[in-house]
Amino acid sequence: MALWDRFKESASNMQNQLNAKKNDLKSGAFRDASMAMCALVSAADGTIDPAERQRVAALIGTNEVLQNFPALDLQRRFEDYLSKLTADFAFGKVAILQEIAKVQKKPTEARAVIQIGIVIGGADGDFDKTEQAVVREACYAVGLNPQEFDL
C-alpha cells in the first residue's frame, strides 16, 4: 500500500474515532484547543495561504465533531488564532500551544485535538514536514507521545 493510501486510511480512522467520541467533546477548552490547532496547522510554514485558510474553514464547518459548536463562533476563534500567528508567528505559536495545553488533563480531548490537527494537515493531500512538526509540538504540549500518532 502506498504511503499516501496509508495516510488517507489513518486520517479516516482518526475521523471515525473522533465521531465516536463526539458526545464527550463539548467543552469550551476542547473547542478553543481545536481551533488553535487548526490555525497552527494552517500556518505551520509561517505563512497563511488564502486557499488553505478557506479549505480549513470549510473543513471546520463540515467536521461532525465540531458541529457541537456554533459555526460562526468557531470561525471567529479560528480567525483570532490566525491573527496572532500573522502578527508574530513565534509569539503567536507559543500562545497557541498554551491554549492547546489546556486540554492536557483530559486525555480524550487531548487525543481528539491532535487527531483534528492530523486530519486538517492531510486535507490537502500532503501532510508535510512542517505540519507534522507543529502537531508533534502540540503532542508534547498535551503530554502525549507523538509516536502514538506516527509522528
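**Close-up 1. Asp80 and Arg76 pair up within helix H4.** In this predicted model, the two residues sit four apart in helix H4, so about one helical turn separates them. They form a salt bridge, with 3.4 Å between the closest N and O atoms. Asp80 is partly exposed at 39% relative accessible area, and Arg76 is partly exposed too, at 43%.

**Close-up 2. Asp32 reaches Arg77 across two helices.** Here the side chains meet in a salt bridge, N to O at 3.0 Å. Asp32 belongs to helix H2 (residues 28-42) and Arg77 to helix H4, so this pair ties together parts 45 residues apart in sequence. Asp32 counts as buried, with 13% relative accessibility, and Arg77 is buried at 18%.

**Close-up 3. Lys93 meets Glu137 in a salt bridge.** The N to O distance is 2.7 Å. Lys93 is buried, at 19% relative accessible area, while Glu137 counts as partly exposed at 29%. Elsewhere, salt bridges with shared partners join Arg31, Asp32, Asp73, Arg76, Arg77 and Asp80 into one network; the structure holds 10 salt bridges.

**Close-up 4. Helix H3 crosses helix H4.** The axes of H3 (residues 50-62) and H4 (residues 71-87) come within 10 Å and cross at roughly 145°, in a right-handed crossing. H3 brings Arg53, Val56, Ala57 and Ile60 to the contact, and H4 brings Leu74, Phe78, Glu79 and Leu82. By class, that makes six nonpolar, two charged and no polar residues.

Methods:
Residues numbered from 1 in each chain as written. Predicted model: local features only at pLDDT ≥ 70, side-chain atom pairs only at ≥ 80, totals over all residues. Heavy atoms only, no water. Axes fitted to C-alpha atoms, helices over the stretch in contact; angles between N-to-C directions. Left-handed = near helix turned anticlockwise from the far one by under 90°. Contact = heavy atoms within 4.5 Å. Nonpolar A, V, L, I, M, F, W, Y, C, P; charged D, E, K, R; others polar. Salt bridge = Lys/Arg side-chain N within 4 Å of Asp/Glu carboxyl O. Buried < 20%, exposed > 50% of the residue type's maximum accessible area, 1.4 Å probe, protein only.
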